[in-house]
Amino acid sequence: QSTGEPLEGEGEDVKQWNTAIESLPDKTWFGAPWLFVECYMYRYIHSVLQDTTHFQYPHFDVFREEKQRGLMSSLHDQLSKCDLVLFKGDLNYRKLVNDRTWSYDTRFGTALEGFSPTKVCALRTVKSDSIVGCDKERVEKILSEDRDSMFCGSYALISTNF
């Protein structure tokens, strides 16, 4: 069985892939490096799906969920090798606590919902109502005095799971 057909289309990488296929000394799948074959097959399937009428989204990726699972597993493994992981910024904080409206006095570790590969510290200015690990009465007092100041970066939080 010979290696794959040249890719068609206008993607940035089409010429590179076709040049790489031509330069293979053994023109069979069995003679090609396994990583090349796997990447080529992914790229070829992706190009075929882009040409169908069923997948009209500009960035549709049939393998997205599997890649996301692999990334998250790998990320967790890498972070677990650290003594401490720092997250900075309101958006990262909101992702850590799943962008939910928790009770203000919910512990940060609880809001992480099992994501604790190591010690986690999040630094953020408050720009949304996803707030945990605070004294509930204090937050409500600030909100009652000037609700807008609570969400424009006037206040900051340092949250830890340790």
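**Notebook: rings, charges and a patch**

The model is a predicted one, in which local features need pLDDT of at least 70 and side-chain atom pairs count only at pLDDT 80 or more, while totals for chains, interfaces and linings use all residues. Residues are numbered from 1 along each chain as its sequence is written, and side-chain values use heavy atoms, with hydrogens and water left out.

**Entry: aromatic pairs**

Next I checked Y93 and F108, which are stacked, at 6.0 Å centre to centre and 15 degrees between the planes. Here Y93 is in helix α4 (residues 90–96) and F108 in helix α5 (residues 108–111), so the pair joins parts 15 residues apart in sequence. Both Y93 and F108 are buried. Back at W17, I noted that ring pairs link W17, F36, Y40 and Y44 into a cluster.

**Entry: charges over rings**

I then looked for charges placed over rings (NZ of Lys or CZ of Arg within 6 Å of the ring centre and within 35 degrees of the ring normal). R100 lies over the face of W102, 3.9 Å from the ring centre. K119 has its charged end over the ring of F162, at 5.5 Å from the centre.

**Entry: salt bridges**

I noted 6 salt bridges in the structure (a side-chain nitrogen of Lys or Arg within 4 Å of a carboxyl oxygen of Asp or Glu). Where does the bridge between D13 and R43 fall in the chain? The side chains of D13 and R43 meet at 2.7 Å, N to O. This pair links distant parts of the chain, with D13 in the segment before α1 and R43 in helix α2, 30 residues apart. D13 counts as partly exposed, at 22% relative accessibility, and R43 as buried, at 13%.

I followed R94 next, which forms a salt bridge with D99, the closest N and O atoms being 3.2 Å apart. D99 has a relative accessible area of 45% and is partly exposed; R94, at 22%, is partly exposed. Both belong to a network of salt bridges that links D90, R94, D99 and R124.

I also looked up K141 and E145, whose closest N and O atoms are 2.8 Å apart in a salt bridge. Both lie in helix α6 (residues 136–145), 4 residues apart, about one turn of the helix. E145 is exposed, with a relative accessible area of 55%.

**Entry: two threonines in loops**

I checked two polar contacts (N or O atoms within 3.5 Å; within protein, one able to donate a hydrogen and the other to accept it, with residues adjacent in sequence counted only if both atoms are side-chain atoms). T106 is in the loop between α4 and α5 and is buried, at 14% relative accessibility. A polar atom of the T106 side chain lies 2.9 Å from the backbone oxygen of S103.

T118 is in the loop between α5 and β2; it counts as buried, at 14% relative accessibility. For T118, a polar side-chain atom lies 3.2 Å from the backbone oxygen of D83.

**Entry: surface**

Which residues make the nonpolar patch of about 520 Å²? I found L84, L86, L123, I158 and F162. L123 is in strand β2 (residues 119–125) and is partly exposed, with a relative accessible area of 33%. Patch members have over 30% relative accessible area and no salt bridge; nonpolar side chains (Val, Leu, Ile, Met, Phe, Trp, Tyr) are joined within 5 Å, like charges within 9 Å. Areas are by the Shrake-Rupley method with a 1.4 Å probe, and for residues only the protein chains shown count as cover.

Last, I looked at Y155, in the loop between α6 and β3 (156–160). Y155 is partly exposed, at 31% relative accessibility. Its C-alpha atom is 8.5 Å from that of K127, 28 residues away along the chain.

How values were computed
Buried means under 20% relative accessible area, exposed over 50%, partly exposed in between (1.4 Å probe, protein chains only). Rings of Phe, Tyr and Trp (its six-membered ring) pair if their centres lie within 6.5 Å; planes under 30 degrees apart count as stacked, over 60 as edge-to-face and the rest as tilted.
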